Structure formats: C-alpha cells, structure tokens
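The following paragraphs lead through the model, from its overall layout to individual residues. Please keep the sequence and the coordinates in view while reading.

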Amino acid sequence: MAYARFGRDSDVYVFLSTRGGIECCRCALIGDASSFVALTTAEILEHLEQHRTRGHRVPDDCIAALDADAEENDAQIAANDAKSRR
Ligand SMILES: [Zn+2]
C-alpha cells in the first residue's frame, strides 16, 4: 500500500515494502534512483522531515496515515525481520 505517490502535491513515493520496511522509492535525498528503507515508523517520519527541510513536498495525509498505521506496520516489520534472521 502506498502512503504517497509522486504527483502535483508530492515529491516522494512512500510505501510499505513487501521486503520489510517502509520504503521511500527513488529517494531524492539519495539521488541515483535509489530507495531509502526505514525499519520503523519513527525512522521514515524523520526521513520525510528531512525531505521537507530540503523543500520537497510531502503530503500531510501521508504523515497522518503513517502515524495511524505505526503500531501495525512496526509489528509487521519486526515480524518480517525475525523471520529473515531465522
Ligand atoms: Zn526519501
């Protein structure tokens, strides 16, 4: 599920990655068409704050949705992480 897609009101593309983590796809902060992957909601929120600091548009509803799903997403990422270490 995508929290934000590139568009008129958004310079970021953020989604819950099936590989585990919350991904900032083709992140403008990294450049090079690379993606940033956060392993916690707190980490992606901090990352998106950095985008805003640099003048990139991050939709408010993206932040709100990430906040709302924080518990669920963090639990899922932790579960994926535990699985991959087995
Ligand atoms: Zn980014």
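Read along the sequence, the protein follows the pattern β-β-β-β-α-α-α, where helices (H or I, at least four residues) and strands (E, at least two) are DSSP runs numbered from the N terminus. The radius of gyration, taken over C-alpha atoms, is 13 Å, close to the 12 Å that the globule rule gives for 86 residues, so the protein is as compact as a globular protein of that length. That rule is 2.2 Å times the number of residues to the power 0.38. Along its principal axes, the C-alpha trace spans about 40 × 30 × 20 Å.

This is a predicted model, in which local features need pLDDT of at least 70 and side-chain atom pairs count only at pLDDT 80 or more, while totals for chains, interfaces and linings use all residues. Residues are numbered from 1 along each chain as its sequence is written.

The four strands form an open sheet of order 1-2-3-4 with antiparallel pairing; two strands pair if DSSP finds at least two bridges between them. Strand 1 (2-4) and strand 4 (36-38) are the edge strands, each pairing on one side only. From one strand to the next the twist averages 25°, with axes fitted as lines to C-alpha atoms and angles running from 0 to 180 degrees between N-to-C directions. Strand 3 (residues 22-24) pairs with strand 4 in the antiparallel sense over three bridges, and Ile 22 has Ala 38 as its bridge partner in strand 4.

The loop between strand 3 and strand 4 contains Asp 32 and Ala 33. Most residues other than glycine have a negative phi. Phi is positive, however, at Asp 32, near 65°, and at Ala 33, near 60°. Asp 32 counts as exposed because it has 7 C-beta neighbours inside 10 Å, and Ala 33 counts as exposed with 9. A residue is exposed if 12 or fewer other C-beta atoms, placed from the backbone, lie within 10 Å of its own, buried if 20 or more do, and partly exposed in between.

Not counting residues up to four places away in sequence, His 51 touches Asp 11, Val 12, Leu 29, His 56 and Val 58, contact requiring C-beta atoms, placed from the backbone, within 7 Å. The C-alpha atoms of His 51 and Val 12 are separated by 8.3 Å, although the two residues are 39 residues apart along the chain.

How values were computed
Contact = placed C-beta atoms within 7 Å.
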